[in-house]
Amino acid sequence: MWDDFISRQIKRTNRNLFLCGTVVLTILALLLAASWRDAYNYVFGPFPIQSTELVSIWGPDAPKRYFLKVEGEKSLPTGMGQLEEGSNTKLRTSIVALVVNKRLLLVNTPTDSHQLQFTGILTAVPVEVSNGVIHKWETDSPNLKGAFLPFMLDASGFRTKGDNLLVAAAGAGFGVLGLILVAIAIRRKMQPESHPLLTQLAKYGSLQDVRMRIDTEMRGEDGGEKFGAMQITTNWLIHAAAYKTNVMATRDVVWAYPKVTKHYHSGIPTGKSYSAIIRDSKGQSVEISGKKDSVPKLLESLQRRMPWVLVGFSKELEALWQKEKPKFFQLIEQRRAKLAPATR
């Protein structure tokens, strides 16, 4: 079993991926446990319910199943409803009284008020509806006293409401993310030879030889020069981020430049973040985050160790890098040739 710098990096990133995925799944599980009733109804509802069972429910928060499919015997208009936003006359939904087993169930529905089957969630009866319908009807017809069920059915769209859709999508997304992170960590532990870091190192020659050279340098140079998550030794640049480790050979580094990102909140500047972009001839690119004063020091170190490297950003260099890489590399070779007599 290998016990070198690269092995430790693989173990560290695998552990972090596994822990991150586990934390995501644990948080999601706790949230689902706290709102299990809502999640259960959203996923498995609507549930058909018999009229005898419906009239036995004493409140909207009582049953485990509250996303229901209800069928009545008769539908009576109440004249109440919810207005369209910005309108004083046009109703978005109407409230009907559905006769169910000799009782009256108020239903808030955007559909034809004459239908007898509705799908929705049990909710408390708002005060204005209680005053405008229940109290009024009971006053006008005393024989209706006690006929209304102590809850109403909101059939305006449980699953299609924006907030519910957003919560469901977010929950599903976090669940998938957690499972992917855990699966990646387990697969890399079961098949270490397929780890992307080893694939990356294979570009530099025999894997055993490359690992030995890196480990020897890291030990001999006491971890090299450190800039946050970046470590620089004589022949290697190693960026040990939380979930991924990138390795570059110093001989392959061709371009490095600072990057400043401005942050805004509601159009108001809230600060800046600083980083260095490092690119090599094998197409790799890493971004090293740092403080305002540490990024220039990192670039100075790269220039001192690798004088052929282009340091600084320009639109011309970016155009060459994006569209004419052979010319970019030719420019680097010309710099190497000029520096060769001085560096022998």
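His195 is located in the loop that joins α5 (162-190) to α6 (196-201); helices here are DSSP runs of H or I with at least four residues, strands are runs of E with at least two, and both are numbered from the N terminus. The model is predicted, so local features need pLDDT of at least 70 and side-chain atom pairs pLDDT 80 or more, whereas totals for chains, interfaces and linings use all residues. Residues are numbered from 1 along each chain as its sequence is written, and side-chain values use heavy atoms, with hydrogens and water left out.

His195 is buried, because its relative accessibility is 4% (buried is under 20% relative accessible area, exposed over 50%, partly exposed in between, with a 1.4 Å probe and protein chains only). Leaving aside residues up to four places away in sequence, His195 touches Ile10, Thr13, Asn14 and Arg188, where contact means heavy atoms within 4.5 Å.

## Aromatic pairs

Twelve aromatic pairs occur in the structure. Rings of Phe, Tyr and Trp (its six-membered ring) pair if their centres lie within 6.5 Å; planes under 30 degrees apart are stacked, over 60 edge-to-face, and the rest tilted. Tyr204 and Trp236 form an edge-to-face pair, at 5.3 Å centre to centre and 85 degrees between the planes. This pair links distant parts of the chain, 32 residues apart: Tyr204 lies in the loop between α6 and α7 (207-220), Trp236 in strand β10 (residues 236-240). Both Tyr204 and Trp236 are buried.

Trp255 and Phe313 are stacked, with 6.2 Å between centres and 10 degrees between the planes. Trp255 is buried, at 0% relative accessible area, while Phe313 is partly exposed, at 47%.
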